[in-house]
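Here is a short tour of pockets and aromatic rings. Keep the 3D view open while reading.

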Amino acid sequence: MHIHLNIIGIILIVLALIHIIFPRYFNWEKELKNINLANQQIMIVHTFFIALTVGLIGVLCVTSASELIETNLGKKISLGLGVFWLVRLFFQFFVYSPKLWRGKPFETSIHILFSILWCYFSSIFLIIAI
């Protein structure tokens, strides 16, 4: 399980860093002009804190795999992280519209990749918890 937590940790740190390109990739300078200032700032601030949280979970996995696996507190944290990623997987299929990816090769591959990652993350954390 240590190796799985290290892999997850590295992936999460990379995923957190990828958030840096979101404003440019999603053209937020233009796209967010049409919404009020509060919504603009919520979008930017929430993206920052999602990236920070994902990155810190990654650091936790890389630096504290033994504690997550071997301690009661670690198992409780792993249970929480397992539920977190399981809910994220649910959102992948039942909240995001298929119109965002269906019929678009790049977006479909990203949808599949992240579906696999959320399955992997949730299963590893839930296995550790039990």
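A pocket here is an open set of grid points with protein on both sides within 12 Å along at least five of seven lines. The model is predicted. Its largest pocket holds about 1,400 Å³ of space. The second largest pocket holds about 170 Å³.

Start with the largest pocket. Its lining counts 34 residues, and Phe22, Phe26, Arg88, Tyr96 and Phe114 lie nearest the centre. Helices α1, α2, α4, α6 and α7 each supply at least two lining residues. The largest share, eight residues, comes from α7.

Now the second largest pocket. Its lining includes His19, Pro23, Trp28 and Phe48. Here α1 and α4 each give at least two residues. The largest share, six residues, is from α4.

Next, the rings. The structure holds eleven aromatic pairs. One joins phenylalanine 90 and phenylalanine 94: the centres are 4.8 Å apart and the planes stand at 35 degrees, so the pair is tilted. Both residues sit in helix α6 (residues 72-94), four residues apart, about one turn of the helix. Phenylalanine 90 is partly exposed, at 46% relative accessible area. Phenylalanine 94 counts as exposed, at 63%.

Ring pairs also link Phe84, Trp85, Phe114, Trp118, Tyr120 and Phe121 into a cluster. Elsewhere, arginine 102 lies over the face of tryptophan 101, 5.4 Å from the ring centre.

Methods. Residues are numbered from 1 along each chain as its sequence is written. This is a predicted model: local features need pLDDT of at least 70, side-chain atom pairs count only at pLDDT 80 or more; totals for chains, interfaces and linings use all residues. Side-chain values use heavy atoms; hydrogens and water are left out. Rings of Phe, Tyr and Trp (its six-membered ring) pair if their centres lie within 6.5 Å; planes under 30 degrees apart count as stacked, over 60 as edge-to-face and the rest as tilted. Buried means under 20% relative accessible area, exposed over 50%, partly exposed in between (1.4 Å probe, protein chains only). A charge sits over a ring if NZ of Lys or CZ of Arg is within 6 Å of the ring centre and within 35 degrees of the ring normal. On a 1 Å grid over the protein atoms alone, a cavity is a set of points where a 1.4 Å probe fits but cannot get out, and a pocket is an open set with protein on both sides within 12 Å along at least five of seven lines; lining residues have an atom within 4 Å of a point. Grid points are joined across faces, edges and corners, and a volume is the space filled by probe spheres set on the points.
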